[in-house]
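Subject: Structure for you to look at

Hello,

Here is the structure we spoke about. Please have it open while you read the notes below.

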Amino acid sequence: MHVLGRDASATGPAVRFGTYRAADGSDGAAVGLDLHRPHAALVVGKRGYGKSHTLGVVAEGAARAPGVAPIVVDPMGEFAGLAEGSASVRVVAAPTVAATLLPSTAWPALFDLSPTDSVGALLWEAARETATLDEMLAHVDAAAVADGVARAARNHLQLADSWGVFDPDGLDARTLLSASATVLDCSGLADRAAAALVRAVAAGLYDACVDRRPERLPWLLLDEAHVFFDGIAAPALETVLTRGRTPGVSLVAATQRPGALPSVALSQSDLLIAHRLTAGTDVEALAAATPTYLSGRLRDRLPAETGAAVVVDDVTESVHGVQVRARETPHGGADPRVDAAHDDSSMAVPQSGHSPSTTGTGVEHSGQNSR
Ligand SMILES: Nc1ncnc2c1ncn2[C@@H]1O[C@H](COP(=O)(O)OP(=O)(O)OP(=O)(O)O)[C@@H](O)[C@H]1O
């Protein structure tokens, strides 16, 4: 199998990705995606042409590969099917993180406040001095500030509490990297809460890899990525994109709006998987970021059929027409949740240079419900 994202002579784990498409659209030889080295990949395409499906194919392959741990951020509740038939894939129905995983500097921004604003400054200080939301509230209550400032800060913290996403015993990098794959179902979370979660998860995985090379290298898979690149999660995602490959953190971001991504998301991706795309601004954003070896206009190379994609492989500086394979696990939102222990809290959530490579260490099977 020819594997995209690495030289022909390289070996190691790979995702079974699909088949080459001949110019007439017919299928050819099998094609894979490299998992041996960290990558930054971007999956784009208009709604309904296969982005989430493609993300699922990558997650399936990565879940089975030794030495990597895919972590899927699932904003629409579409990926629970990955756990079907696999005891080692964990679906977290109500993901939480410790408040300390969000840097203190991020707390004002979480509520669109400036750190120099009196309320923003108080939140920053409370986050810096304490470790939990309860402690932050107590800090605010004890602060020598005007009543109105304390009240506003308290309201913001109570709102954050109502999201149900902060828990001192929440997910950390060690837990996330202990399963062969983890799906974080964010479909019950407000956008801001999901963004806070993604910031904490991305930063936690990056820091864990910088501190010490984990047994499994994380692959963070992000659906509806434009939502997360526009807000509190953006700094951590940009760090992963620009500096993640050296410590071993991979990012696969899927979006129907590549034009809404920061330019770094396009320029730092070494694999671009482009499904059908018709909006002028999105095609132009991609075209502006595509390399010179992509001869001809990108618009002319974009496929029209569901599941077909043009893959721009910056590692080998080559461009390929590919038909992404069918999923082996169910794709869609109607699958059972595994994390029964957290079903109640889920219901309560209000709506609103040198890169490390994977090693052949084998994949341990962890409990489905562990956190
Ligand atoms: N490679 C493929 N092989 C078979 N079926 C596919 C393939 N890609 C997509 N499909 C099917 O096409 C439909 C739309 O795919 P998908 O949900 O991935 O689209 P999408 O681009 O992510 O859309 P949305 O943005 O609405 O989530 C699904 O029913 C999916 O199973």
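**What was found**

Leaving aside neighbours within four places in sequence, A202 is in contact with L220, A233, A236, L237 and V240. Two residues count as being in contact if their C-beta atoms, placed from the backbone, lie within 7 Å. The model is a predicted one: local features need pLDDT of at least 70, side-chain atom pairs count only at pLDDT 80 or more, and totals for chains, interfaces and linings use all residues. Residues are numbered from 1 along each chain as its sequence is written.

**Overall make-up**

The protein has 13 helices and 12 strands. Of the 371 residues in the protein, 52% are buried. A residue is buried if 20 or more other C-beta atoms lie within 10 Å of its own, exposed if 12 or fewer do, and partly exposed in between.

The protein is divided into domain 1 (36-97 + 170-348) and domain 2 (100-162), with bounds that come from an automatic or database domain assignment. Taken over C-alpha atoms, the centres of domain 1 and domain 2 are 31 Å apart. Where the two domains touch, domain 1 gives eight residues and domain 2 gives five residues. The domain 1 side of this contact has five nonpolar, one polar and two charged residues. In this classification Ala, Val, Leu, Ile, Met, Phe, Trp, Tyr, Cys and Pro count as nonpolar, Asp, Glu, Lys and Arg as charged, and the others, Gly among them, as polar.

**The core**

In soluble globular proteins, nonpolar side chains tend to be buried together. A nonpolar core here is a set of buried Ala, Val, Leu, Ile, Met, Phe, Trp, Tyr and Cys residues joined through C-beta atoms within 7 Å. The largest one has 123 residues, and L197, A202, L221 and V252 have the most contacts inside it. Helix α7 (residues 191-211) supplies the largest share of this core, 14 residues. Domain 1 and domain 2 each contribute at least three residues to this core.

Is α7 largely enclosed or open? It is largely enclosed by the rest of the structure, because 16 of its 21 residues are buried. The end C-alpha atoms of α7 are 30 Å apart, which agrees with the 30 Å its 21 residues should span at 1.5 Å a residue. The expected span of a helix is 1.5 Å times one less than its number of residues.

Helix α1 (residues 51-64) reaches 20 Å from its first C-alpha to its last, close to the 20 Å expected for its 14 residues. In α1, 14 of the 14 residues are buried, so this helix is largely enclosed by the rest of the structure.

Helix α9 (residues 234-243) has A234, A236, L237, V240 and L241 buried. The buried residues of α9 pack against several elements, including α7, β8 (217-222) and β9 (250-255).

**Around the ligand**

Which residues come nearest to the ligand? Of the 14 residues around it, they are G50, S52, H53, G307 and V324. A residue counts as near if its C-beta atom, placed from the backbone, lies within 6 Å of the molecule. The largest share of this shell, three residues, comes from α1. By class, the shell has three nonpolar, nine polar and two charged residues.

**Single residues to look up**

- P108 sits in helix α2 and is buried, with 22 other C-beta atoms within 10 Å. P108 and V119 are 11 residues apart in sequence and 7.9 Å apart in space, C-alpha to C-alpha.
- P38 lies in the loop between β3 (27-34) and β4. P38 is buried, with 25 other C-beta atoms within 10 Å.
- D112 lies in the loop between α2 (106-110) and α3 (118-129). Its phi is near 55°, a positive value in a residue other than glycine. D112 counts as exposed because it has 12 C-beta neighbours inside 10 Å.
- E317 lies in the loop between β11 (308-313) and β12 (318-324). Its phi, also in a residue other than glycine, is positive, near 50°. E317 is exposed, with 11 other C-beta atoms within 10 Å.

Regards

How values were computed. Helices (H or I, at least four residues) and strands (E, at least two) are DSSP runs, numbered from the N terminus.
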